[in-house]
Amino acid sequence: ASSMTHFRIDIWTPNMITFRIKLVNFGADGTFEGDDDSENELVFDNPALGQWISYDIPLSDFTGLNSTSNMAQLIFSGLPAGVGTLYVDNVYFYRQ
């Protein structure tokens, strides 16, 4: 992802009132819990229910990421916790 500028994802949900995306980078050492790990989470409230939604997100919006050269985790979460349904499609990084 180091040469990419954007993150793309399509989601569909019948009941999520909040949807979150977290990107985690393990830094130059490429190891978990190294001195150079960084992460950032974006929160999307009240997504349209029952229809596909496309998000084209500039990587610069993930302000807590120090780098994108060793992306290690992509974490989805949201509300209602434990009972929310989320379908995900077309997940990729791209250069614009």
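Where is the place of N46? N46 sits in the loop between β3 and β4 (53-58), where strands (E, at least two residues) are DSSP runs numbered from the N terminus. This is a predicted model, in which local features need pLDDT of at least 70, side-chain atom pairs count only at pLDDT 80 or more, and totals for chains, interfaces and linings use all residues. Residues are numbered from 1 along each chain as its sequence is written, and side-chain values use heavy atoms, leaving out hydrogens and water.

**Backbone features**
- N46 has a phi near 50°, a positive value in a residue other than glycine.
- N46 counts as exposed, at 63% relative accessibility (exposed is over 50%, buried is under 20% and partly exposed is in between, with a 1.4 Å probe and protein chains only).
- N90, in strand β6, also is not a glycine and has a positive phi of about 50°.
- N90 is partly exposed, with a relative accessible area of 38%.
- A cis peptide bond runs from L79 to P80, with omega near 5°.
- P80 belongs to the loop between β5 (71-79) and β6 (87-94).

**Around N40**
- N40 lies in strand β3 (residues 38-45).
- N40 is buried, with a relative accessible area of 16%.
- The N40 side chain reaches the backbone nitrogen of T63 at 3.2 Å.
- Leaving aside neighbours within four places in sequence, N40 is in contact (heavy atoms within 4.5 Å) with I21, K22, L23, D61, F62, T63, G64 and L65.

Key. Helix = DSSP H or I, 4+ residues; strand = E, 2+ residues; numbered from the N terminus. Polar contact = N/O pair within 3.5 Å; in protein donor to acceptor, adjacent residues only side chain to side chain.
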